Amino acid sequence: AQSSAALSIAPRKDYIIDPGDKIEDKITIRNIDANQDLRVYLRVIDFTYMDDGGTPKLILDENLDMTTWSLRPYMKIPETLTVAPGQSASVDVSVSIPKHLGAGSYYSAIIYSTSAPDGGNVGLAASGVTLVFVSVPGKVNEDLTLKKFGAYNTDKRKYVTFAVDEPKVVAYTLENKGNVVEAPVGTITLKSMWGREYTINNVNPKKSLALIGQTRTYEACIKLKLE
């Protein structure tokens, strides 16, 4: 669970919903403050990617156009919730997918925030986000392209063109031009110029996602056979 100053929530929810169907779920919010009530304000916002890593970029401006993958028209949540000190409460979440909606991935975020101490604008003294992903079955456009592959410096977050020592990490960069969120799987076999072979059995151990339109770099550790 994701925790902040006073609340603990699930960081991500995944659903598969057929066109014309609806899901109803509950998300638990826990008040980790043992002394005070937690008044939470909730709203659905869109998000995209920050860079080639895994940090989502939240779109807080409600006046901006919705993303093409937005769940905002289809998801309903309550506007407020009060959680007693040290207790948990459930948020009712429903997602209704219209029959005409095409197959693919759709996603938005539920943002939770507390009121400011003066009772005015909503503040971020205690805040959190649940990323919500919906997969609509059907014929989708999968287009995941390998852009780069090689030894990688994790500290500088860049590819290494020349190294004296054997690299410990390789990376690969994928561009997602399709309309579905992708989580690459598989193995990588490396061979040195002296014929030495290394196999990376899990190229995406964290099951990290490449969002729609994102170019994302994945890191994989090279483990020698003796290790």
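**The aromatic cluster**

Reply: Phe47, Trp69, Tyr107 and Phe133 are linked into a cluster by ring pairs. The model is predicted, so local features need pLDDT of at least 70 and side-chain atom pairs count only at pLDDT 80 or more, while totals for chains, interfaces and linings use all residues. Residues are numbered from 1 along each chain as its sequence is written, and side-chain values use heavy atoms, with hydrogens and water left out.

Me: What describes a pair of aromatic rings?

Reply: The distance of the centres and the angle of the planes describe such a pair. Rings of Phe, Tyr and Trp (its six-membered ring) pair if their centres lie within 6.5 Å; planes under 30 degrees apart count as stacked, over 60 as edge-to-face and the rest as tilted. The count by this rule is six aromatic pairs. Phe47 and Tyr107 form a tilted pair, 5.1 Å centre to centre with 45° between the planes.

Me: Which strands hold Phe47 and Tyr107?

Reply: Strands (E, at least two residues) are DSSP runs, numbered from the N terminus. Phe47 lies in strand 5 (residues 38-49) and Tyr107 in strand 10 (residues 104-115), so the pair ties together parts that are 60 residues apart in sequence.

Me: Is Tyr107 buried or exposed?

Reply: Buried means under 20% relative accessible area, exposed over 50%, partly exposed in between (1.4 Å probe, protein chains only). Tyr107 is buried at 0%. Tyr107 also forms a tilted pair with Phe133, at 5.3 Å centre to centre and 40° between the planes. Phe133 is buried, with a relative accessible area of 8%.

Technical notes
Helix = DSSP H or I, 4+ residues; strand = E, 2+ residues; numbered from the N terminus.
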